[in-house]
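I wanted to look up how neighbouring chains of this assembly meet. My entries follow the display.

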Amino acid sequence: MNIKPLADRVVVKMVESEETTKSGIVLPGSAKEKPQIAEVVAVGPGTVQDGKEVKMEVKVGDKVIISKYSGTEVKFNNEEYTILKQGDILAIVE
Amino acid sequence: MNIKPLADRVVVKMVESEETTKSGIVLPGSAKEKPQIAEVVAVGPGTVQDGKEVKMEVKVGDKVIISKYSGTEVKFNNEEYTILKQGDILAIVE
Amino acid sequence: MNIKPLADRVVVKMVESEETTKSGIVLPGSAKEKPQIAEVVAVGPGTVQDGKEVKMEVKVGDKVIISKYSGTEVKFNNEEYTILKQGDILAIVE
Amino acid sequence: MNIKPLADRVVVKMVESEETTKSGIVLPGSAKEKPQIAEVVAVGPGTVQDGKEVKMEVKVGDKVIISKYSGTEVKFNNEEYTILKQGDILAIVE
Amino acid sequence: MNIKPLADRVVVKMVESEETTKSGIVLPGSAKEKPQIAEVVAVGPGTVQDGKEVKMEVKVGDKVIISKYSGTEVKFNNEEYTILKQGDILAIVE
Amino acid sequence: MNIKPLADRVVVKMVESEETTKSGIVLPGSAKEKPQIAEVVAVGPGTVQDGKEVKMEVKVGDKVIISKYSGTEVKFNNEEYTILKQGDILAIVE
Amino acid sequence: MNIKPLADRVVVKMVESEETTKSGIVLPGSAKEKPQIAEVVAVGPGTVQDGKEVKMEVKVGDKVIISKYSGTEVKFNNEEYTILKQGDILAIVE
């Protein structure tokens, strides 16, 4: 199966990362805050809003920063994704 | 009887699915979260919003992902449907 | 007396229906949820919104589905009506 | 004294009516719900909204249906009036 | 000192009035509801909103009806004034 | 250091004033309500909003009346300022 | 790694400063209010809003004043940043 987001929506998958705290302790995924870096897995075709074309500026594979609370979480093929509008992506990480 | 949605509305029917959890237990429909995948059963004629034409991009039979909380549930011929605007459909599943 | 709705408003009368539950019990009107199917009894002349003409697409006698919470209930000649905007009508039932 | 509403506002006076309930009991004014039928006593000159002219379609003497909660109640010469925008008038009763 | 309101704002001073209730009792100012009739003491130059000119239609000395809750109360030279937008003035009293 | 407000923002400094109540008692600054008269100390370059130019109509040194709750308080060089949009200035005092 | 903000967003890093209170006591960073002065570390390409181009007027290295509550905090490479829209920057400090 395959997800095709509509309009200016983007499907992302949160990136879980092991991480070392300042004191040197490694936190497993479940003990951390929900991660804010996500990988783009599908991009919609763009849309028109207020009479202006919204072009898609992210592409599949981009690492992006998103707010913890933006978008809608969906379960699909036993995996969790977040579908959000491109305008809710804060930044691309390179 | 037949439902004809107005403007840019779409009538969908939630898809109930048996599903295996990661631990291998099969959950019957009633014990799960409300499903988020739905099948399109009727599509409105489109509308004009903010002076721009809204064309319908989904068609009857499409499987779509919708947010748990979008749209209005209606009972019709003893079946439950959700009527929502196309803009509240997050993605098409293929 | 006669009701003439203004702008893009529509006057509807809720349709009360006896109905058989899945277990076969007939529920009288008072024990059920408020019905969501209504009949159009008067239609306004249409309006202009955001610089675009809103044409009326429902006509007197149409059966329509409306959300339980939309519109304003009014008592008139000892009958209850709901006055709502055409945009709050979800679908026409045929 | 005289009230001249500004823009697309209308001044109405609620119509109190004795009324017979279905069981045949006459309710005096104070025991009933606030009436929803009102008579137009003054009409503003119209206005421009979102770049479109709003023409006045009600006139002094019209009986209109208004929502219980719309407009602002004012006391003037020891009488109570409601000042509301024409767009909040639901229908004209003829 | 002198107050010059900006844009489409108007400065008014509430009119306190002795008033006879229906039963004939005169209520002193402090026992009454906050008055809703005000006198215009200063008028702004007008403004442009949504690309349309907002002209001032009230003038200094006009008696106007305002909602109890609109505008901002300011103390100035030990007097209380209300500064509100012209669009919040409901009607002119003549 | 120097503050340069962006767009149509204005930096003001609240004016503390000793003031005599009607009964003749002088209230020191801390026992009074927060003052509503402020002096403009910096003015932004103006902006474009809804396709219309917003010109700055206040200048450094103007005494203005502002609502108690508008703008953002900032501490800067151990002094407190309020940064607000010109549209939140109610009037100029001369 | 590098952060590239989208549209009219700006990435800033709050400036922590030792500061002497009026009574002369030096407060360490953790005992103070969250600082409101930030340094710009990345600037987006600008955007189009309501049919008007939004040009970026801040540049990397600028010291800016931001409201305590605007923007989204992100952790990135073990450092905390705030990503906000240029329109939420109140002023530039020089």
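I began with chain F against chain G: 17 residues of chain F and 19 residues of chain G take part in the contact, where contact means heavy atoms within 4.5 Å. The model is predicted, so I kept to its limits: local features need pLDDT of at least 70, side-chain atom pairs count only at pLDDT 80 or more, and totals for chains, interfaces and linings use all residues. Side-chain values use heavy atoms, without hydrogens and water; residues are numbered from 1 along each chain as its sequence is written, and chains are lettered from A in the order in which they are written.

**Entry 1, area.** I read about 1500 Å² buried between chain F and chain G, with 58% of this from carbon and sulfur atoms. Buried area is the accessible area (1.4 Å probe) that two parts lose on being put together, summed over both. On the side of chain F, Lys4(F), Leu6(F) and Arg9(F) lose the most area to chain G, together 34% of what that side buries.

I found a count of one salt bridge between chain F and chain G, taking a side-chain nitrogen of Lys or Arg within 4 Å of a carboxyl oxygen of Asp or Glu. Lys4(F) forms a salt bridge with Glu94(G), with the closest N and O atoms 3.4 Å apart.

S9(F) gives the most, with five residues.

S1(F) pairs with strand S11 (residues 89-93) of chain G in the antiparallel sense over three bridges; pairing needs at least two DSSP bridges between the strands. Which residue of S11(G) stands opposite Lys4(F)? I found Ile92(G) there.

Leu90(B), Ile92(B) and Glu94(B) supply 35% of the area that chain B buries against chain A, more than any other three residues. The side chains of Glu94(B) and Lys4(A) meet in a salt bridge at 3.4 Å, N to O. In S11(B), Ile92(B) is the bridge partner of Lys4(A).

Why do I say that the copies F and G meet through different surfaces? Only 6% of the interface residues of chain F are also interface residues in chain G.

Methods:
Helix = DSSP H or I, 4+ residues; strand = E, 2+ residues; numbered from the N terminus.
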